[in-house]
Amino acid sequence: MLAELVCFESQCRARYGITEVLYNCPRCGGLLEAGYSGWERDAGALKKLWRERRLNNAPLDQSGVWRYRECIPFLDSYDRVVSLREGNTPLLDAPRAAAYGGLDRLLFKHQGFNPSGSFKDNGMTCGVAQALRLGMTRVACVSTGNTSASMAAYASAAGLQPIIFIPHGNISYGKLAQALEYGARTLQVEANFDQILALVRALAERLGIYLLNSINPFRIEGQKTIMVELMDQRDWNPPDWIVLPGGNLGNTSAFGKALREMLEMGLIPRSPRLAVVQAEGSAPFYDLAHSADQSALRPVTKPETLATAIRIGDPISWPKALHEVRSSGGVVEKVSEQEIADAKAQIGLCGIGCEPASAATLAGIRKLTAAGVIRRGDDVVAVLTGNLLKDPDYIYRYHTGELTAPGGDKIQPTYGNHPLVVPNDPDRIAALLA
Ligand SMILES: *Cc1c(COP(=O)(O)O)cnc(C)c1O
Ligand SMILES: [Zn+2]
């Protein structure tokens, strides 16, 4: 098995050693991906091996990422891999959400069950493994959210120093709290996300820090296993659609790559279609997919949405994501703040729950079935990307009618569940609950 870094640009396709510390193609500036030659070809043997590993207590086999290591063979040794038992996320039947989305049946693949509460863990275990292999002692990312929480956890577990750069005053407390607790050096910079990214890139080389932003090709490798595990859970029967939220589009890129490679390896007979859902105030990929000229994405300069995990104006992985949406026959949809909030409450009523960005999936499904793009009887899996408890403030405000969209519009508590203050009086309470 030969693993290399390959430039994603079709006119370039330059190749580099897998242990070179590169974030973009030195020749053309394009995105890089892990490329392999010599896949394991016996699909039946692999499926059997992966099932057997579930019964094995070794941490590597218990990991829902490393169990499928034949699909992400970029390491030459697994001795130093650090796992927090990431992956192993459930596939949940949600009849009430299905009805809301206009479907006969809907399954949620819930990545919020990960150790730090989001799918970032699937990728981070791989990014940190590569950092260790390269002999790095410090890792960094720019993020206000789940990436920093996850990186902090995995870096600290591996004995590396995590350093987080966040835009000053732009903090989501649930996620920042995780980063602090997991021991990350946290620097609040007086600049916006894009400016900080440029700053950190310049500093990384000077200080010998390994960057674990979403552009990192090894994080994408780890996120591929979300699709592999999903197919394993479905006994290798692909659904018609995979629906996911789109922010920086790393997950879209990972899912598409996984599906293409699984087809190539003979693990699945056909590919599902990808449906990527963005928030209206932060939808540059939607605009790109629906414009005549798809040669360049036009960034949104002031992206706005309460779904902070997808508040990205200039998604770095768009060339990969566009390729994956096209090659899977997929679609891109966008949804309003109100639609996200109501869909989220419907997911909650299934006893499941998720963070706002994740709920964009169900809101998007509802629109796509109404438009006849997804049909009622289609077999649909939506990926819930993050845990309910990441953003409790949003939830409380929705249910009490205090949630306002970034433009100042009030979000209606369509499915609001207001707590009641009651007197210490059994008769009045009994009357209330009658
Ligand atoms: C990171 C994240 C997203 C966006 O994923 P991309 O790969 O950036 O498109 C969506 N939801 C949650 C909860 C996230 O943490
Ligand atoms: Zn190139």
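## A surface patch

Leucine 433 sits in helix H15, which covers residues 426–433. The model it belongs to is predicted. Is leucine 433 buried or exposed? Leucine 433 counts as exposed, because its relative accessibility is 70% and the cut-off for exposed is over 50%.

Together with Leu420, Val422 and Leu432, Leu433 forms a nonpolar patch on the surface. The accessible area of the four together is about 430 Å².

## The zinc site

Which residues hold the donors of the zinc ion (ligand 2)? They are Cys7, Cys12, Cys25 and Cys28, each through its SG atom. These donors lie 2.3 to 2.4 Å from the zinc ion. Along the sequence, the donor residues follow the spacing C-x4-C-x12-C-x2-C.

Now look at the angles. The four donor atoms subtend 96 to 115° around the zinc ion (ligand 2), so the arrangement is tetrahedral. For four tetrahedral donors, the ideal angle is 109.5 degrees. Cysteine 25 is buried, at 2% relative accessibility. Cysteine 28 is partly exposed, at 39%.

## Salt bridges

The count of salt bridges comes to 23. One of them joins glutamate 4 and arginine 15, with the closest N and O atoms 2.5 Å apart. Glutamate 4 is in strand E1 (residues 2–7) and arginine 15 is in strand E2 (residues 15–17), so this pair ties together parts eleven residues apart in sequence. Glutamate 4 is buried, at 18% relative accessibility. Arginine 15 is exposed, at 53%.

A salt bridge also links aspartate 379 to arginine 234, with 2.6 Å between the closest N and O atoms. This pair connects distant parts of the chain, 145 residues apart. Aspartate 379 is in the loop between helix H13 (356–370) and strand E13 (380–384). Arginine 234 is in the loop between helix H8 (217–233) and strand E10 (241–245). Aspartate 379 is partly exposed, at 29% relative accessibility, whereas arginine 234 is buried, at 12%.

## A buried bridge and a network

Arginine 53 and aspartate 61 meet through their side chains in a salt bridge of 3.7 Å, N to O. Are these residues buried or exposed? Arginine 53 is buried, with a relative accessible area of 9%. Aspartate 61 is buried too, at 7%. Elsewhere, salt bridges link Arg51, Arg54, Asp232 and Asp235 in a network.

## Aromatic pairs

How many aromatic pairs does the whole structure hold? The search finds eight. Among them is the tilted pair of tyrosine 23 and tyrosine 210, at 6.0 Å centre to centre with 40° between the planes. Tyrosine 23 lies in the loop between E2 and strand E3 (32–37), and tyrosine 210 lies in strand E9 (residues 209–211), so the pair ties together parts 187 residues apart in sequence. Tyrosine 23 is buried, at 16% relative accessibility. Tyrosine 210 is buried, with a relative accessible area of 3%.

Phenylalanine 74 and phenylalanine 218 also pair. Their ring centres are 4.9 Å apart and their planes stand at 50°, so the pair is tilted. Phenylalanine 74 is in the loop between helix H2 (59–62) and strand E4 (91–93), and phenylalanine 218 is in helix H8, 144 residues apart.

Key. Residues are numbered from 1 along each chain as its sequence is written. Chains are lettered from A and ligands numbered from 1 in the order in which they are written. This is a predicted model: local features need pLDDT of at least 70, side-chain atom pairs count only at pLDDT 80 or more; totals for chains, interfaces and linings use all residues. Side-chain values use heavy atoms; hydrogens and water are left out. Patches are made of residues with over 30% relative accessible area and no salt bridge: like charges are joined within 9 Å, nonpolar side chains (Val, Leu, Ile, Met, Phe, Trp, Tyr) within 5 Å. Accessible areas come from the Shrake-Rupley method with a 1.4 Å probe; for residues, only the protein chains shown count as cover. Helices (H or I, at least four residues) and strands (E, at least two) are DSSP runs, numbered from the N terminus. Buried means under 20% relative accessible area, exposed over 50%, partly exposed in between (1.4 Å probe, protein chains only). Donors are N, O and S atoms within 2.8 Å of the metal (3.2 Å for Na, K and Ca); water is not among the atoms, so sites may look incomplete. Four donors count as tetrahedral if all angles lie between 85 and 135 degrees; four count as square planar and six as octahedral if opposite donors are over 155 degrees apart and all others between 65 and 115; anything else is irregular. Rings of Phe, Tyr and Trp (its six-membered ring) pair if their centres lie within 6.5 Å; planes under 30 degrees apart count as stacked, over 60 as edge-to-face and the rest as tilted.
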